[in-house]
Amino acid sequence: MPLHFSEQFGFSDQDFADVQSKREQAAATVREMNSKGELGFTKLPYANIDQIISLANELRSEFADVVLIGIGGSDLGSRAVHRALNSPYFNLNEQRRNGSPRLFFTGDTTDPVALSEVIEEVDWNHACVILVSKSGNTVEQMSTFVLLRQRLLDAVGDNQTKRAIITITDGEKGTLHDVTIQEGYRTLAVPGDVGGRFSVLTSAGLLPLAVAGIDIQGLLKGAADMSIDDDRPLAYATLQYLAYTKREQRIHVFMPYTYSLREVGFWFRQLWAESLGKAYAKDGQEVHSSPTPIASVGPTDQHSQVQLYREGLNDKTYTFVVVKEVRVDYTLPEAFSNFEGVAYLKGHSMNEILHAEQRSTDQSLKEVGRPTCLIELDRMDAYHVGQLLFFLELATAYAGEMVGINTYDQPGVERGKELMYQILGR
Ligand code: PA5
């Protein structure tokens, strides 16, 4: 199996028996919704992949720079997969890019300084903008779009600007949908029944990723092979639910031991928090579901957060992610053999050290009764990233059913948007 899951939460058979009916109910509900076609994100593949690949190829040949405007679910997924599979120095290395344009992410803030860093870097004479907003109304994307469209107009004029703007939005409604029709932009639809944070495997994530040269078919295949009948995402959700309800361990530390999955931590943080952090009514009272995700990364955080993880309150669970086979590894040569503090490194590889770091952190947490689990990927490629993303999406769906909330809405986010519209006089 390309993705392996193991756990050391230490729950007893009785603990599992106590939530057995909840677990079965959650499994039945998610699987029934899937079989009835009511669960948008499980309908793989979501879109006409040929259309996405063909548009991506057009953009790769027409433009030197691609600026991606998105926020939340319209940004974090493509950012995470791009970082998982491409180098952080992608934009600096034309040869490594292998025909892909440079890719700039923006729209996730209206901070003018952050925007200037993109605006000043992009070659506007040879750039296109991919604007992703499912609702087609969100202020961060729309304000950034207005600004960047003007850059294009100033650089290349009206006709070429129309060619250089690509929108990904709801296929039927929303301001961006209407603007797209008026201006005749090239466009792809986000399926109406897939929420932003579950949309990485729709056109919202797939178009930018295909532009960046990522094997999106491999990504989808990996996701599709993580079957809805696979019990591992359900087991993962059950453990988190047990930790939350029986031990008040409400903080969920997601800690990959590879830099390339660091952004997947931020993607997962949104998925888990926005799906599961809900106020709901129970026995006539308002109660709060509050499983709190933390995006961490090893070994970096061993020298920062792990002090807290080991000796702070026992209110957290720990998910490690490791990659077994790496694209490149370095074996250390002999050096300073007269110093024991360095000599012992001889012959060890950097990946071996990385894995030893993960194992030692795991052990030090287990020594003091902290619950840990491990997701192992055989290697880092589009297929395995697809497996990981879909594993976590399914786990989130099961967790939401166990808690008994609506996993797919985000009233707290929407309320913030409404208030901001009032402040800005919309
Ligand atoms: O998951 C969600 O629904 C949100 O995080 C949205 O993705 C985010 O608010 C951006 O919304 P939109 O794509 O509609 O502009």
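Mentor: A salt bridge here is a side-chain nitrogen of Lys or Arg within 4 Å of a carboxyl oxygen of Asp or Glu. This is a predicted model, in which local features need pLDDT of at least 70 and side-chain atom pairs count only at pLDDT 80 or more, while totals for chains, interfaces and linings use all residues. Residues are numbered from 1 along each chain as its sequence is written, and side-chain values use heavy atoms, with hydrogens and water left out.

By an automatic or database domain assignment, the protein splits into domain 1, made of 3-36 + 226-406, and domain 2, covering 42-217. Their C-alpha centres are 30 Å apart. Where the two meet, 23 residues of domain 1 are in contact with 18 residues of domain 2 (contact means heavy atoms within 4.5 Å). About 1800 Å² is buried between domain 1 and domain 2, with carbon and sulfur atoms giving 67% of that area; buried area is the accessible area, for a 1.4 Å probe, that two parts lose on being put together, summed over both.

One salt bridge is counted between domain 1 and domain 2. R197 and E274 form a salt bridge, and their closest N and O atoms are 3.0 Å apart. Four residue pairs, both members at pLDDT 80 or more, are in polar contact between domain 1 and domain 2. A polar contact is a pair of N or O atoms within 3.5 Å; within protein, one must be able to donate a hydrogen and the other to accept it, and residues adjacent in sequence count only if both atoms are side-chain atoms.

On the side of domain 1 that touches domain 2, α12 (262-276) and α16 (382-403) each supply at least two residues. The largest share of that side, eight residues, comes from α12. Helices (H or I, at least four residues) and strands (E, at least two) are DSSP runs, numbered from the N terminus.

R197 also reaches the ligand: a polar backbone atom of R197 is 3.0 Å from a ligand oxygen. There are 15 residues around the ligand, of which S74, S133, S135, T138 and Q270 come nearest (near means a heavy atom within 4 Å). The side chain of S133 has an N or O atom 2.6 Å from an oxygen of the ligand, and an N or O atom in the side chain of Q270 is likewise 2.6 Å from a ligand oxygen.

Across the whole structure, 27 salt bridges are found. One joins the side chains of D15 and K246, at 3.5 Å from N to O. D15 is in helix α1 (residues 13-18) and K246 in helix α11 (residues 231-247), so this pair ties together parts 231 residues apart in sequence.

Two backbone details remain. E248, in the loop between α11 and β7 (251-256), has a positive phi of about 55° although it is not a glycine. P299 is in the loop between β10 (292-295) and α13 (306-311), and the peptide bond from G298 to P299 is cis, with omega near -5°.
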